[in-house]
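Here is a briefing on a single chain.

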Amino acid sequence: MHIYSGVFAFEDGSEMRNRSMLTPTMFLVIMNITVYVFTSVLGGNFIQTSTSVLVQLGQYNVNVLNGEYWQLLTSIFVHVDISHIALNMLFLIIFGLRAEELFTTEEYFFVYMLSGLSGSLLTLFLMAPNTLSAGASGAIFGMYGAGIIYMRKTFGQSIAGALMYAFLLLILSTGAGVNIIAHFGGLAAGLIIGYALAKSRRDMLWIENY
């Protein structure tokens, strides 16, 4: 049995996490909702976040290019309207709870934050300077990508299926007003991280079994 931070991992690959009332997924859901309430109070509208608030706390490429680099991170927790955050939190719960069974707490937050940041950076580099973007979708896509490829790689299955499912979900997410660039950036980061984590687990098991 190997011991990781907060996780007991057995030789057969199964895991038993020391669970508390506040899981990583619930923490992120609460944090996102808290930020939404805060931005709603600032803008005076609980149904839709005002444009002025989005310019201040979302990712407005012009502002980022002018030195407000922190928007690359704050935008991950800001949402455009109530339906936007409701849908994102639904998928965060679905994919996040599964990811909790696969990764340590540190790995979980690493996947989420780096995937979200990757989506923000790709939005900055590939989209127009006047682009205004917000939402946790990139981070959530990363969580999905990391989980699906981790399971495939860990159990010795072909990763082609994982890539197919991942990009199918990406295509299904397209639509008016959807930042597909951020989705792709987050998904790509999640796939890379998930693959690396699965490979490191398998390599560690091989060395110890040898």
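N88 is found in helix α5. This is a predicted model, where local features need pLDDT of at least 70, side-chain atom pairs count only at pLDDT 80 or more, and totals for chains, interfaces and linings use all residues. Residues are numbered from 1 along each chain as its sequence is written, and side-chain values use heavy atoms, with hydrogens and water left out.

- Helices (H or I, at least four residues) and strands (E, at least two) are DSSP runs, numbered from the N terminus.
- N88 has a relative accessible area of 8%, so this residue is buried.
- Buried means under 20% relative accessible area, exposed over 50%, and partly exposed in between, for a 1.4 Å probe and protein chains only.
- Leaving aside neighbours within four places in sequence, N88 is in contact with H79, G135, A136, S137 and I140.
- Contact means heavy atoms within 4.5 Å.

**Fold**
- The chain has nine helices and five strands.
- Their order from the N terminus is β-β-β-α-α-β-α-α-α-α-β-α-α-α.
- Of the 210 residues of the chain, 43% count as buried.
- Take the contacts with a separation of 6 or more: 72% of them are between residues 24 or more positions apart.

**Nonpolar core**
- A nonpolar core is a set of buried Ala, Val, Leu, Ile, Met, Phe, Trp, Tyr and Cys residues joined through side-chain atoms within 4.5 Å.
- The largest one has 36 residues, and L92, F103, Y112, M143 and L187 have the most contacts inside it.
- Two or more residues each come from α1 (24-43), α5 (82-100), α6 (105-126), α7 (137-154), α8 (159-172) and α9 (180-209).
- The most, nine residues, come from α7.
- Beyond four places in sequence, Y112 is in contact with L28, N32, I76, F77, L92, A136, A139 and M143.

**Largest pocket**
- On a 1 Å grid over the protein atoms alone, a pocket is an open set of points where a 1.4 Å probe fits, with protein on both sides within 12 Å along at least five of seven lines; lining residues have an atom within 4 Å of a point.
- The largest pocket holds about 800 Å³ of space, the volume being the space filled by probe spheres set on points joined across faces, edges and corners.
- Its lining has 36 residues, and H84, S137, V178, N179 and H183 lie nearest the centre.
- At least two lining residues each come from α5, α6, β5, α7, α8 and α9.
- α5 supplies the largest share, six residues.
- By class, the lining has 17 nonpolar, 18 polar and one charged residues.
- Ala, Val, Leu, Ile, Met, Phe, Trp, Tyr, Cys and Pro count as nonpolar, Asp, Glu, Lys and Arg as charged, and the others, Gly among them, as polar.

**S133 in β5**
- S133 sits in strand β5 (residues 132-133).
- S133 counts as buried because its relative accessibility is 14%.
- The side chains of S133 and N179 are joined by a polar contact of 2.9 Å.
- A polar contact is a pair of N or O atoms within 3.5 Å; within protein, one must be able to donate a hydrogen and the other to accept it, and residues adjacent in sequence count only if both atoms are side-chain atoms.
- Outside four places in sequence, S133 is in contact with G58, Q59, S75, T123 and N179.

**Partly exposed helix residues**
- M31 is found in helix α1 and is partly exposed at 32% relative accessible area.
- M31 and F77 are 46 residues apart in sequence, with 7.7 Å between their C-alpha atoms.
- A188 is found in helix α9 and is partly exposed at 26%.
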